[in-house]
Structures are given as C-alpha cells and as structure tokens.
There are 2 protein chains.
Amino acid sequence: MTFALDPRLAEDTVPVYSWELCLVRLMNERAYPWLVLIPRRAAAHEIHDLNAADRAQLMVEVNRASQALAEIYRPDKINVAALGNVVPQLHVHVIARTRSDPAWPDPVWGKQPRTPYDEGELIGQREVLRAVLGLAQEFEGA
Amino acid sequence: MTFALDPRLAEDTVPVYSWELCLVRLMNERAYPWLVLIPRRAAAHEIHDLNAADRAQLMVEVNRASQALAEIYRPDKINVAALGNVVPQLHVHVIARTRSDPAWPDPVWGKQPRTPYDEGELIGQREVLRAVLGLAQEFEGA
C-alpha cells in the first residue's frame, strides 16, 4: 500500500515542503498561521502506528515547524495536535495562536466558517514559510 | 527555578505515574479516558522549550500513553494535543475518543460541563491505568 494524501487534507491545504518523514502543508485559513504535517506512511492513523524511528523523526519535524512559527509570528502560544476524528490519516496541526485571534483561548477546530487567504496572500505566506522552514532545517543539520 | 505543577492542572487531575520526564495524571472527567502528561521542566511552555533529549523522551512517553489507552479502551481515535492557551505550563493531552462520546467528532475542550468520576470509579480507573502503563513501560524497556 502506498501513501496518498487524504483528499480533504489536500483540499484544505497547500504544499510548502516535503521533509524526511512529513509533507508540510499550509492550511488555507488566514485567521491563524497553521501548518499541517502529514507523515508519508500508508495506513498510519495514530502516532503509535509509526515505528520508533519515524516517531522520533516526527518529533524533530514538529519541533522544527513549531519553532519556525514562533520565530516568524511571535505568537502567544503554539498549539500542536494530532486529532483525526474527522480525517483519520495521521496528521499533526501546528498552529500559531494569539490572544487576539478569533477562537482564543479555545482550540481552533470547528469554531467558525473558514476564512481563506486571497490568492496573493496565500502565495506570500507560503513563500515566507518555505524560506524560514528551509533555513530551520539547514541550521538543524549543521 | 524548580518545577511545580500548575495548580489548575493539579485540581483537574489525579496522579497516576511519574515517568522519566513527565508526570502522568488522569483527568477527572468520566466522559473520556484522558491522560495528561506534564514534563517536569520548570518554565517549559512550548515543545521547543525542551532540549532535544527531552523532546525525544516526550515522544516515547506520549506514545506509551497513547498505546496503553488504545489497548485498554479500544477507542475509535486517540487525540494527542499540546495546547496551553489557558494553562501555559507545557502539558500534553492523550485522550481516547469514541464515536459515541459526547463531543465526537469535535475536540473535547470547552464542550460541556465537566462530569467528574465518582470517587470509587476514579480510584478504579486510576488503578487500571497504573497497571497497564506500568506494564507498557516494562515491556518497552525489555
């Protein structure tokens, strides 16, 4: 069985990077800087479906995404979550939250109608993230 | 600065285990089997506030908790989340979710008034978890 990105995740997000383990995608939701990391492993639904090496790599990549969002947006809190009640394919949300965002202090899921980026904003946001996530990966390797 | 458990986390949960990195506590909420893992590190708010060794250990312990809940309760999904918008001290929720639970498919936070366990139930639940989490830790070490 080969890995294929869940169609709902594909529809809600745009590609930013493909890391050693995860696809890194940007949620098309301008209310919060919001990355989704999807391990490229077929039939993984839970963290414990991954083997130990993949789990360790997942932590490395979640940490890299979290730190990058913190550097760029200086949020009040990063939210990290693997929920999957709606889309069972294992995916980890990494979201920069601020006290002034529309869902604060609640979680962001199911809070409000989606507010997608304008096309130009989406491309700009993706390019900023691509640059910083690329640098983050490089410095880590150094 | 020494680690001290946040008073709100202390109030909402009961102790189950103290692992290498984390305090493992049971949320006093009978609607869902719900563990909270709190790294014993002073002033850690974000996953990226931990050093690399602690982050790796956090993944080991989250995985252990997740797998144990899956074994005991056979849930439809495990939810894993480090949010912290209300209680900033770093803590990771590991929750067994089922399609028939009161919040499904939404996240559990802020969904409903809390439904605490009866005292006997709470003790029973804690003892089951203590036994299985202890075994999980042992087998992992083997």
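How many disulfides does a search of the whole structure find over all chains? The search finds zero, where a disulfide is counted as a pair of cysteine sulfur atoms within 2.5 Å.

Before selecting anything, note that this is a predicted model, in which local features need pLDDT of at least 70 and side-chain atom pairs count only at pLDDT 80 or more, while totals for chains, interfaces and linings use all residues. Residues are numbered from 1 along each chain as its sequence is written, chains are lettered from A and ligands numbered from 1 in the order in which they are written, and side-chain values use heavy atoms, with hydrogens and water left out.

**The two chains together**

**The cavities**

Next, look inside, where a search of the whole structure finds two cavities of 30 Å³ or more. On a 1 Å grid over the protein atoms alone, a cavity is a set of points where a 1.4 Å probe fits but cannot get out, and its lining residues have an atom within 4 Å of a point; grid points are joined across faces, edges and corners, and a volume is the space filled by probe spheres set on the points.

For the largest cavity, which holds about 180 Å³ of space, select I47(A), V80(A), I47(B), M59(B) and V80(B), which lie nearest its centre among the 16 residues of the lining. Helix α2 (52-73) and strand β4 (77-82), in chain A and in chain B, each supply at least two of the lining residues; helices (H or I, at least four residues) and strands (E, at least two) are DSSP runs, numbered from the N terminus.

The second largest cavity has a volume of about 60 Å³, and of the 14 residues that line it, H45(A), A82(A), L90(A), K77(B) and I78(B) are the closest to its centre. Its lining has seven nonpolar, five polar and two charged residues, and the largest share, three residues, comes from β4(B).

**Individual residues**

Move to S66(A) in helix α2 of chain A, which at 0% relative accessibility counts as buried; buried means under 20% relative accessible area, exposed over 50%, and partly exposed in between (1.4 Å probe, protein chains only). Not counting residues up to four places away in sequence, S66(A) touches I78(A), V94(A) and H48(B), contact meaning heavy atoms within 4.5 Å.

Then select C22(B), in strand β2 (residues 22-27) of chain B, which is buried with a relative accessible area of 0%. Leaving aside neighbours within four places in sequence, C22(B) is in contact with residues including Y17(B), L37(B), L58(B) and E61(B).

Finish at E127(B) in helix α3 (residues 119-141) of chain B, which at 39% relative accessibility counts as partly exposed.

Key. 1 Å grid on protein atoms, 1.4 Å probe; cavity = no way out; pocket = protein on both sides within 12 Å on 5 of 7 lines; lining within 4 Å. Nonpolar A, V, L, I, M, F, W, Y, C, P; charged D, E, K, R; others polar.
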